[in-house]
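Below are my notes as numbered points, to be read with the structure open beside them.

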Amino acid sequence: MEASLNPPAEQQTLAAAYRQSVRGRRLLLLLLILAVIASFLVDLTLGASNLGLMDLLIGLGSPASLTPGEKVILWDMRLPFAVMALLVGAALGWAGSEIQTALNNPLASPFTLGISGAATLGAATALVLDWGFTGLAQTTLIPLFAFVFALGCSLVIQLVARRFDASIEMLVLFGIALFFTMNALVALLQFYADADTVQQIVFWTLGSVTRANWDKITLIAVLMGLCLPFSIRSLWAMTALRAGELQARSLGIDIKRLRLGVLLRVSLLTAVAVAFVGEIGFVGLVGPHIARLLLGEDHRFYIPGSALAGALIMSLASILSKSLIPGVILPLGIVTALVGIPLFMALILRRQKLL
Amino acid sequence: MNSVLDVEKFSVGYRQARIIQSLSLSGFSRGQLIAVVGPNGAGKSTLLKGLAGLEKTSGSVTLAGEELTQLSFRERASRVAYLPQSLPQPTSLTAYESVLSLCRATAIPLAELEKRIEAVFNELEITHLALRPLQELSGGQRQMVGLAQLLVREPELLLLDEPTSALDLRWQIQVLAATRRLLERKGSLALVALHDLNLALRFADQMLVLAKGELRALGAPDTVMTSKICRETYGVEGRVENCSRGYPIMIVDGLTEMSAI
């Protein structure tokens, strides 16, 4: 836990000691923000051309100082890739923190409900079947299908939750069932697809920010902006839920409604994140754990902390993906998984030790 | 005597599966601790949840002259507090945060809330635990925090569902003694489901004996827990006697023959 949580001094009131711990957490949030900014700037400087940080910052202020080629590198590659990494990381970290609270399960992640599997199925459907009659390019069709399928999956989960008054256990099991169903359907499509298409599907599932552009970034930002006020409104209720479900219910907090709201937000955030960058594992799982360790579970700090931790992990992964093999940008999904698996195992072992 | 709580024709559960059937209770004074006892499946938890408004119910529940069933859930929750059988979750929330977050859902202003938390933590002697995460506290300490979550709201009626079931002997006594002290000071009423009859005899002003969802007896502990009630509700041959220090204690002589139950 955070260092500032010391027992209160004799003369100090509990409220004053608590406010002191709140100030400590605000400071930690600020440090996380600074770390994200620093990582973002480093990420911006990495790439095939020799554009340094100062060139880029000057170029951002006065575009005339850049050559047309440098402008393309800055505005169409480095900046959108780095911003996309931050946004997707923040969306997945945020979604992960909310789903872990709603399902009362620290091992839940945005992918627990099968939404990423649905996005993959959507992308595979766009790749395998002939959609030429729509007049849309495949680069548009793939994220569109991935988003529509992921959204469809979230609507099915909402429907099941409402129609059957689903318990936490039922939702998790239903999510797992959906995940395997989607995987089986993707495998079926791959079975019928030619070798090139199979390769494209596999590449899509590896996750990459190199498909980013400003339209996609705007859409993610708008959806995150839409979810934000609803999340803010639920902060105290979600914290109360961590104190105990029956305890919160007995106070008049409508837990069912709260949980449905969380499911909807998590579905939207996950759908929009995976639709544009593919499957990025572990960010939504590990981000909230880092935030919990640093900031505790007061959701006023835990949720922004999870979003910032998610953004930081993705940004660092983006840096690693460009620097591990010179001249090659590794798919981000591979890097987050390679970094995430040991972290995940360490968290499980730590949890086991606590129990 | 005017009863602070009157329950009339109170049923809990759905029409096809009523667990509590047409129960009527009266004769409760302010500051009293009422032990709700009975064997497993008697309906103790169901009764408390029903009174808290957490289960589907029918009938009337009047608290200090006001019909609770006519109030919105939030209004009812401001007067009636329910402590579930499960302890507060072992999360990384601190004890203080867990109380604060639960009470932010109520209409109590923040400054007032801070004063109340301070007073309740002092009263329960858990001030030193306030800024420690719940996951680092023992079961007994967490139960005290659970009690604080309720008491901060200053409810008129406390419903405690087996608050001592997960605790060792020392914490059982501490939780019930703290509850008693606060009831006497605030003049609230508490219905406390208990399995341990000796604790009920020691701490309760009245005992409410339930079996199969029906009221079997209600009154002063030493008069209620007769050998007959003990046999009929628990299937145990037992009697209440005073120990050498004058406290009533339950003595069990053996199990009742099945044919006699």
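1. A term to settle before the first pair: a salt bridge here is a side-chain nitrogen of Lys or Arg within 4 Å of a carboxyl oxygen of Asp or Glu. Please also keep in mind that this is a predicted model. By that rule, A:Arg25 forms a salt bridge with B:Glu97, with 2.4 Å between the closest N and O atoms. The count between chain A and chain B is two salt bridges.

2. On to the interface as a whole. How many residues does each chain bring to the contact? Chain A gives 31 residues and chain B gives 34 residues. In chain A, A:Leu14, A:Gln247 and A:Leu251 lose the most area to chain B, and together they make up 25% of what that side buries. The size of an interface is often given as the accessible area lost when the parts come together. For chain A and chain B the buried area is about 3,000 Å², and carbon and sulfur atoms give 64% of that.

3. The polar side of the interface deserves a look too. Eight residue pairs are in polar contact across chain A and chain B, counting pairs with both residues at pLDDT 80 or more. On the chain A side, the elements that give two or more residues to the part touching chain B are helix H1 (14-45), helix H9 (235-243) and helix H10 (245-250).

4. Now the charged pairs within chains. Side chains of opposite charge can pair when their charged atoms come close. Over all chains, a search of the whole structure finds 22 salt bridges. One of interest joins A:Lys322 and A:Asp43, whose side chains meet at 2.8 Å, N to O. A:Lys322 sits in helix H13 and A:Asp43 in helix H1 of chain A, so the pair ties together parts that are 279 residues apart in sequence. Are these two residues buried or exposed? A:Lys322 counts as buried because its relative accessibility is 15%, and A:Asp43 is buried with a relative accessible area of 0%.

5. The side chains of A:Arg265 and A:Glu98 meet in a salt bridge at 2.9 Å, N to O. This pair links distant parts of the chain, with A:Arg265 in helix H11 (residues 255-277) and A:Glu98 in helix H3 (residues 68-102), 167 residues apart. A:Arg265 has 7% relative accessibility and so counts as buried; A:Glu98, at 1%, is buried as well.

6. B:Glu184 and B:Arg180 form a salt bridge with an N to O distance of 3.0 Å. Both residues lie in helix H6 (residues 169-186) of chain B, four residues apart, which is about one turn of the helix. B:Glu184 counts as exposed because its relative accessibility is 53%, whereas B:Arg180 counts as buried at 16%. Elsewhere in the list of charged residues, B:Glu112, B:Arg116, B:Glu154 and B:Lys186 are linked in a network of salt bridges.

7. Next, B:Ser3, in the segment before strand E1 (5-14) of chain B. With a relative accessible area of 15%, B:Ser3 is buried.

8. A loop residue in chain A: A:Asn213 lies between helix H7 (195-206) and helix H8 (214-233). A polar atom of the A:Asn213 side chain is 3.1 Å from the backbone nitrogen of A:Asp215. A:Asn213 and A:Met77 are 136 residues apart in sequence, yet 8.1 Å apart in space, C-alpha to C-alpha. A:Asn213 is partly exposed, at 32% relative accessible area.

9. Finally, a surface feature. A nonpolar patch of about 620 Å² is made by eight named residues: A:Leu320, A:Leu324, A:Ile325, A:Val328, A:Ile334, A:Leu338, A:Val339 and A:Leu343. Helix H14 (residues 332-354) of chain A contributes the largest share, four residues. A:Leu324 lies in the loop between helix H13 (299-323) and H14, and counts as partly exposed at 48% relative accessibility.

Methods. Residues numbered from 1 in each chain as written. Chains lettered and ligands numbered in written order. Predicted model: local features only at pLDDT ≥ 70, side-chain atom pairs only at ≥ 80, totals over all residues. Heavy atoms only, no water. Patch = residues over 30% accessible without salt bridge, like charges linked within 9 Å, V, L, I, M, F, W, Y side chains within 5 Å. Areas by Shrake-Rupley, 256 points an atom, 1.4 Å probe, with all protein chains shown as cover. Buried < 20%, exposed > 50% of the residue type's maximum accessible area, 1.4 Å probe, protein only. Contact = heavy atoms within 4.5 Å. Buried area = accessible area lost by both parts, 1.4 Å probe. Polar contact = N/O pair within 3.5 Å; in protein donor to acceptor, adjacent residues only side chain to side chain.
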